[in-house]
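Subject: The structure we talked about

Hi,

Here is the structure I promised to hand over.

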Amino acid sequence: MNTLRFTAGEPAVKITHVAPRLWHALDDDRVTGRAEATTRPDGRVFLSVDAWHRSVFDQLVHTMLTTLPEPLHTVVDETDHELLAAWRQAGLTIRRREWEYVVPTDPRVTGPALPPPGVTLVPAGTVEDGPLREVDRVVRAEVEASVGWQEMPAEVLVRPGDTIVDPARYAVAAEDGEYVGLVRVVQMTRLPRIGLVAVRTARRRRGIARALLAHSLGVLHRAGIEAASAEVNEANEAATALFESIGARRANSTLELVRHGR
């Protein structure tokens with residue numbers, strides 16, 4: 001397997017600002033590299049660079065670091081040693097690690113979807129829209145008031161206002177006439193992804209999240225899908241314990257790096 005990211009050589013390039021927060025590296029009129037800074041809904045700015053040569057990468061990164069206000073962030077696959085070294089040499093430091101899990105769907109591995117007494121599971125496709133949006137607003141506000149969304153997996157995006165894009169992707173847990181937890185499964189590739197599993201703070205530690213997760217995985221298994229994926233912040237001990245208790249295994253890791261403001 002070729003583990004080298006960068007091609008040898010140092011082409012003479014000119015860095016050109018082509019759009020707000022978008023730069024190209026040009027060798028004559030040929031684009032040899034591209035850099036972009038994007039702002040996530042929580043306000044953090046993330047950098048990305050696509051370049052074949054290390055010298056081009058370094059010039060694009062230098063341009064962004066000297067142009068944009070800090071702090072600045074980026075995300076790197078931990079196995080991409082060349083890219084990680086390049087960002088660290090540019091002055092970014094590791095902020096946190098996010099585990100990527102492969103999650104089995106077989107109920108013989110995950111265990112049964114047994115909610116605690118008084119709690120019922122509502123399958124995806126039958127969830128009421130209004131109560132779903134209400135529980136989503138509540139759990140997102142609780143996350144923001146506790147650990148904050150910047151500690152959530154990179155793929156769990158927070159958006160201003162309404163965050164429910166497709167209600168059909170959600171299954172929920174209901175108790176005493178209201179929704180108290182939810183799980184979202186996104187199936188955009190051959191490997192479905194657990195996009196979010198959350199329970200209202202006052203209803204936690206009763207097995208609701210585990211039941212929701214086992215239920216959704218069981219639905220995938222009956223559809224002939226053997227595994228799903230999920231991302232978990234290494235520091236989130238509760239989420240790590242939840243996924244590993246149903247047989248999830250770590251397949252990869254992603255590092256978030258940051259360069260703090262001067």
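Below is what I found, going through it part by part. Keep in mind that this is a predicted model.

If you want a spot to check, find Ile15 and look across: Ala25 in β2 stands opposite. The hairpin has two residues between its strands, and Arg21 there has a positive phi near 60°. Arg21 sits in the loop between β1 and β2 and is partly exposed, with 29% relative accessibility.

You'll find Asp28 in the loop between β2 and β3 (30–39). At 70% relative accessibility, Asp28 counts as exposed.

**Rings that meet**

How many aromatic pairs are there? The count comes to three. One of them is Phe57 with Trp87, which is edge-to-face: the centres are 5.2 Å apart and the planes are at 80°. Phe57 belongs to helix α1 (residues 54–67) and Trp87 to helix α2 (residues 81–89), so this pair ties together parts that are 30 residues apart in sequence. Are these two buried or exposed? Phe57 is buried, with a relative accessible area of 1%, and Trp87 is buried too, at 2%.

Another pair is Tyr101 with Phe243, and this one is stacked, with 6.3 Å centre to centre and 15° between the planes. The partners come from distant parts of the chain: Tyr101 is in strand β6 (residues 93–104) and Phe243 in helix α6 (residues 237–245), which puts them 142 residues apart. Tyr101 is buried at 1% relative accessibility, and Phe243 is buried with a relative accessible area of 5%.

Phe57 and Trp87 also turn up in a group: together with Phe6, they form one aromatic cluster.

Arg40 lies over the face of Phe46, 3.6 Å from the ring centre. The charged end of Arg250 sits over the ring of Trp99, at 4.3 Å from its centre.

After α2 comes Gly91, with a positive phi near 105°.

Helix α4 (residues 129–145) lets you do a quick sum. At 1.5 Å a residue, its 17 residues should span 24 Å, and the end C-alpha atoms are 24 Å apart, which agrees. Among the buried residues of α4 are Leu132, Val135, Val138 and Val143, but Arg133, Asp136 and Arg140 are buried there as well. Their cover includes β8 (170–175), β9 (178–186) and β10 (193–199).

Asn252 is in strand β12. Where are its contacts, leaving aside neighbours within four places in sequence? Asn252 is in contact with Asp77, Thr79, Glu98, Trp99 and Glu100. Take Glu98: Asn252 is 154 residues from it in sequence, but their C-alpha atoms are 8.7 Å apart in space.

Ser216 is in helix α5 (residues 208–222). Ser216 is buried, at 7% relative accessibility. Not counting residues up to four places away in sequence, Ser216 touches Ala171, Val183 and Val185.

Last stop: the peptide bond from Glu70 to Pro71 is cis, with omega near 10°. Pro71 is in the loop between α1 and β5. I picked it out because most peptide bonds are trans.

Cheers

How values were computed:
Residues are numbered from 1 along each chain as its sequence is written. This is a predicted model: local features need pLDDT of at least 70, side-chain atom pairs count only at pLDDT 80 or more; totals for chains, interfaces and linings use all residues. Side-chain values use heavy atoms; hydrogens and water are left out. Two strands pair if DSSP finds at least two bridges between them. Helices (H or I, at least four residues) and strands (E, at least two) are DSSP runs, numbered from the N terminus. Rings of Phe, Tyr and Trp (its six-membered ring) pair if their centres lie within 6.5 Å; planes under 30 degrees apart count as stacked, over 60 as edge-to-face and the rest as tilted. Buried means under 20% relative accessible area, exposed over 50%, partly exposed in between (1.4 Å probe, protein chains only). A charge sits over a ring if NZ of Lys or CZ of Arg is within 6 Å of the ring centre and within 35 degrees of the ring normal. The expected span of a helix is 1.5 Å times one less than its number of residues. Contact means heavy atoms within 4.5 Å.
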